[in-house]
Amino acid sequence: MKLGDYLILIVDDEPNMCNILQRIMKNEGYQVQTASDGKTALQLVSEKAPHLLLLDVMMPGGKDGFSVFRDLRNDPGTRSIPVVFLTAVNKAMGLSFTPEGIGRGLGSEPAAFLEKRVAPDKLLQTVAQVAGLDKPIAK
């Protein structure tokens with residue numbers, strides 16, 4: 001698959017964060033869709049079939065990132081979509097979520113867990129690794 005064919009769904013309720021992430025991913029050559037809440041995210045997953053989700057945890061409207069992740073994993077049609085949590089939940093709540101801990105709690109591990117205000121290089125490296133794309137790491 002070519003990089004330009006790879007669709008990433010960014011799910012975050014903070015418009016500025018969505019804009020920053022969208023700009024980073026588009027500048028790297030990815031296709032991008034955004035959603036500001038969990039319900040919209042699930043609808044877009046059904047309609048657009050993204051290849052990867054960058055998913056915030058803390059979102060309003062009754063569908064936080066963990067419930068979106070659980071719904072994706074419970075549906076055979078979306079079970080294999082890689083999810084990278086990108087959130088400030090650990091800092092904001094004084095917690096220490098890890099992919100393994102989430103896996104124990106939700107029955108499936110996300111592909112990665114990144115803290116917000118992640119460096120663009122680290123974000124791009126993680127996405128490329130999760131996507132399995134042979135892309136050089138951005139400097």
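This is a predicted model: local features need pLDDT of at least 70, side-chain atom pairs count only at pLDDT 80 or more; totals for chains, interfaces and linings use all residues.
Of its 139 residues, 46% count as buried, and among the contacts between residues at least 6 apart in sequence, 67% join residues at least 24 apart. The chain exposes about 7200 Å², of which carbon and sulfur atoms supply 49%.

Strand β1 has parallel partners in both β2 and β3: with β2, residues 31-35, it pairs over five bridges, and with β3, residues 52-55, it is joined by four bridges. Isoleucine 10 illustrates both pairings, having threonine 34 as its bridge partner in β2 and leucine 54 as its bridge partner in β3. Together with helix α1, residues 15-28, the strands β1 and β2 make a right-handed β-α-β unit.

Some of these residues return in the largest nonpolar core, which has 24 residues and in which Ile8, Ile10, Met25, Tyr30, Leu54, Leu123 and Val127 have the most contacts. The elements that give two or more residues to this core are β1, α1, β3, β4 (83-87), β5 (112-115) and α6 (120-131). Methionine 25 shows how separate parts of the chain meet here: leaving aside its neighbours within four places in sequence, it is in contact with Ile8, Ile10, Tyr30, Val32, Leu54, Leu123, Leu124 and Val127. Apart from this core lies another, of 18 residues, among them Ala41, Val57, Phe69 and Ile81.

Helix α6 remains to be described. At 1.5 Å a residue its twelve residues should span 16 Å, and because its end C-alpha atoms are 16 Å apart, the model agrees with that expectation. The buried residues of α6 are Leu123, Leu124, Thr126, Val127, Ala128 and Ala131, and these pack against β1, α1, β3, β4 and β5. Just after α6, glycine 132 takes a positive phi of about 70 degrees.

Note on methods: Residues are numbered from 1 along each chain as its sequence is written. Side-chain values use heavy atoms; hydrogens and water are left out. Two strands pair if DSSP finds at least two bridges between them. A crossover is right-handed if, with the strands pointing away from the viewer, the path from the first strand over the helix to the second runs clockwise. A nonpolar core is a set of buried Ala, Val, Leu, Ile, Met, Phe, Trp, Tyr and Cys residues joined through side-chain atoms within 4.5 Å. Buried means under 20% relative accessible area, exposed over 50%, partly exposed in between (1.4 Å probe, protein chains only). Contact means heavy atoms within 4.5 Å. The expected span of a helix is 1.5 Å times one less than its number of residues. Accessible areas come from the Shrake-Rupley method with a 1.4 Å probe; for residues, only the protein chains shown count as cover.
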